[in-house]
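Subject: Handing over a structure, with notes

Dear colleague,

I am passing on a structure that you have not worked with before, and my notes follow below it. Please keep the model open while you read them.

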Amino acid sequence: MAAQEDAEEYELVVEAAGRLFVQLGYDGTSLQMIGEVAGMSAQRVSRLAQDKRHVYLEVMTRYANAEAAHMRGVMARVPPDISGLVALVDSYLDYSVAHPQLRALWVHRWLNDAADVQDVEQLYRPLLAAVVEMFRGAVRADYDLELGLWNIIWIVNGFVHVGVVDEEGIRRFADHPPTLRRFRAYMHDMLERSAL
């Protein structure tokens, strides 16, 4: 019974930490804050989850695994040509719009949050390598597909969290259908140019 209670409380800790890391970043979150949101003491959080670094890696691993499972499912359904790459990137955009929490965590990291936690980027290496391997033949021989994929990741993160300012001076986000269509068309154009 105690093990089951510990597991349930650990899930509360991970959920609370994830919400706080999304809102405040790793550096702005303390074990005490995690405990308050989870409804327990900081000492209990420490007993369940060791330390803040451990909880952060758990949160990032769960988000990364969910995203990777989604993307690998798409990869299994699309051809290894430019149309498949476009479909994969479309799915990445849709997933990012539907799951902005992961994008928020990465924006924090890019602003030097959790700079002392170096293991996170390695969570994405296998998926990125698999995408490069699958679509290497879909792009020009001189096109740096890995850097092109990083570029897509960067601009999708920016679009989801910063949006774009339209010709009327209004900041638009992915919840504005014409702006989302425009952004998607831009990514398609960018990808299709890599295949010329």
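A nonpolar core, as the term is used here, is a set of buried Ala, Val, Leu, Ile, Met, Phe, Trp, Tyr and Cys residues joined through side-chain atoms within 4.5 Å, where buried means under 20% relative accessible area, exposed means over 50%, and partly exposed lies in between (1.4 Å probe, protein chains only). The largest nonpolar core in this structure has 31 residues, and those with the most contacts inside it are Leu85, Phe135, Ile152, Val156 and Met187. Two or more residues of this core come from each of α4, α5 (82-98), α7 (125-135), α8 (145-162) and α9 (177-194), and α8 gives the largest share, 7 residues. In soluble globular proteins, nonpolar side chains tend to be buried together.

Before going further, please note that this is a predicted model, in which local features need pLDDT of at least 70 and side-chain atom pairs count only at pLDDT 80 or more, while totals for chains, interfaces and linings use all residues. Residues are numbered from 1 along each chain as its sequence is written, and side-chain values use heavy atoms, with hydrogens and water left out.

The chain has 9 helices and 2 strands, which are DSSP runs numbered from the N terminus (helices are H or I, at least four residues; strands are E, at least two). Starting at the N terminus, the order of elements is α-α-α-α-α-α-α-α-β-β-α. The C-alpha trace spans about 60 × 40 × 30 Å along its principal axes, and of the 196 residues in the chain, 42% are buried.

Turning to the aromatic rings, the whole structure contains 7 aromatic pairs; rings of Phe, Tyr and Trp (its six-membered ring) pair if their centres lie within 6.5 Å, and planes under 30 degrees apart count as stacked, over 60 as edge-to-face and the rest as tilted. Phe21 and Tyr56 have ring centres 5.3 Å apart and planes at 80°, so this pair is edge-to-face. The pair links distant parts of the chain, since Phe21 lies in helix α1 (residues 2-24) and Tyr56 in helix α4 (residues 52-75), 35 residues apart. Phe21 is buried at a relative accessible area of 0%, and Tyr56 is buried at 1%.

Trp106 and Trp110 form a tilted pair, with 6.3 Å from centre to centre and 45° between the planes. Both lie in helix α6 (residues 100-110), 4 residues apart, which is about one turn of the helix. Trp106 counts as buried at 6% relative accessibility, whereas Trp110, at 36%, is partly exposed.

Ring pairs also join Phe21, Tyr26 and Tyr56 into a cluster.

Finally, there is 1 cavity of 30 Å³ or more. On a 1 Å grid over the protein atoms alone, a cavity is a set of points where a 1.4 Å probe fits but cannot get out, and lining residues have an atom within 4 Å of a point. The largest cavity holds about 330 Å³ of space, a volume being the space filled by probe spheres set on the points, which are joined across faces, edges and corners. Its lining has 18 residues, among which Tyr92, Tyr124, Leu127, Leu128 and Ile153 lie nearest the centre. The helix that gives the most to this lining is α8, with 5 residues.

With best wishes

Key:
1 Å grid on protein atoms, 1.4 Å probe; cavity = no way out; pocket = protein on both sides within 12 Å on 5 of 7 lines; lining within 4 Å.
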